[in-house]
Amino acid sequence: MSTAEDLAGQHVTVAGLGVSGVPAARALHALGARVTVVNGGDGERERGEAAALSNLGVTVRLGDGETLPPGTDLVVTTPGWKPAAPLFTAAAAAGVPVWGDVELAWRLRGPGAADWLAVTGTNGKTTTVRMLAAILTAAGLRTAAVGNIGVSLVETVLSGEPYDVLAVELSSYQLHWAPSVRPHSAAVLNLAPDHLDWHGSMAGYAADKGRVYTGNRVACVYNTADPATEDLVRAADVEEGCRAIGFTLGPPAPSQLGLVDGLLIDRAFVADRRGSAQELAGTTDVDPPAPHNIANALAAAALARAYGVPPGAVRDGLRAFRPDAHRITHIATVDGIGYVDDSKATNPHATAASLAAYDHVVWIAGGLAKGADFDDLVAGAAGRLRAVVLIGADRALIADALRRHAPEVPVVDLERTDTGAMAAAVGAATELALPGDTVLLAPACASMDMFTNYGMRGDVFAAAVRALPSQASPSQTR
């Protein structure tokens, strides 16, 4: 089965009722497939989705996501399902192929379909994809930011919109189940341990990330500061003539993009890579201008330039871009102390980048560690830490790392995991901070021990900041 016509009449089992499972089930049903959706959960939301799909004629089986429905010809899975799930074991035993929703979208593209510019990495994917879409739009191209960013690729490719090119965020989960995807060009922003319970090992995680380079035609974009990303480029099976393009926060070598005197410079997509360079934008055009966000901008610019976008569109797109909430968002300055919400920093790698953006930090951290190790994070940031306030279920792991690597740094350990702990954390951080310091929420942990998601955690932090009694300057968002 490789085309929409091939799916007609086939029995397709869709695993999951999430943001990608429901659109996949609807699309497959519209294409004439006989669709069964299986889902382990049986809550109120799931029953609502099931009722809507049942009205279309889709069979939905709640409370049992392990058994392969008899007669299944194809399984389409949503990203969260682990490869070792019993459903997939049964499918393998029966010789039934398993596609991810991204694989399904790729195979459903019609003639003359838009190219994909793909982005993956441990951190920075969403920001980079949205920057890329802004640059492509500034160049006059019809585009959209789609994929793991929360916009279904299946719906996008079947929408009938005449896109020129798509900016596609791909997670390691999605890439695992997408063997046929062949982007025009792709970037791996960085690699750090994450989701190892899903992939089984760091090697498995990196291998799935590296799939994004398979079949690239023009450029494989990598991070010169992260040699593992270049290793993935070296191992990739690409089209003849595809180039390795690095990005760096230092001066760029030939075939790289980098920084010179506060300017984003291209030495990759110019006629004379050894003897000339092209100015693309200034660091002041990047919002916020933190080092890791400038790296994101360079990666986005590299993909856009690989697609032929002119230099002026890179500058205009970056100027037009506005970051999502909870990503280094400046909430307010209160009595000379800055308060920054980076609740999206849910692992040590992301938090290290966030801490590196500020000289003197009172750090609010903690939550669900997801098996993370904090020693390297704390050792690298110790010189920037004015103090630390710990919250959440696994705060003791961070406290242990602080005792080993920053024993002189004051630590407040809040022994509570209710949502009201955030106001107490902001109060404690305020008492410890000095004028010129930054109180930074960059938890290095997931949020679900105390909050619905990282967005709620950031919102509660912002509310606590805005409730502080004295504000020397009004709240602002960067």
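The side chain of lysine 125 reaches to 2.9 Å from the backbone oxygen of glycine 121. The model described here is predicted. Both residues of this pair belong to a "binding site" feature that an unreviewed UniProt entry places at Gly121, Thr122, Asn123, Gly124, Lys125, Thr126 and Thr127.

Lysine 125 is located in helix 6, which spans residues 125-138. Its relative accessibility is 13%, and because the cut-off for a buried residue is under 20%, lysine 125 is classed as buried. When residues up to four places away in sequence are not counted, lysine 125 touches Val119, Thr120, Asn148, Glu169, Leu170, Leu189 and Lys209.

Threonine 127, also listed in the UniProt feature, is likewise part of helix 6. With a relative accessibility of 9%, threonine 127 is buried. The residues touched by threonine 127 are Asn293, Asn296, Phe321 and Arg327, again without those up to four places away in sequence.

Histidine 326 is found in a loop that connects helix 13 (311-320) to strand 15 (329-334). This histidine is buried as well, its relative accessible area being 9%. Apart from neighbours within four places in sequence, the contacts of histidine 326 include Asp341, Asp342, Ser343 and Lys344. Further contacts of histidine 326 are made with Tyr454, Gly455, Gly458 and Asp459.

Technical notes:
Residues numbered from 1 in each chain as written. Predicted model: local features only at pLDDT ≥ 70, side-chain atom pairs only at ≥ 80, totals over all residues. Heavy atoms only, no water. UniProt positions renumbered as here; feature names shortened; annotations may be inferred. Helix = DSSP H or I, 4+ residues; strand = E, 2+ residues; numbered from the N terminus. Buried < 20%, exposed > 50% of the residue type's maximum accessible area, 1.4 Å probe, protein only. Contact = heavy atoms within 4.5 Å. Polar contact = N/O pair within 3.5 Å; in protein donor to acceptor, adjacent residues only side chain to side chain.
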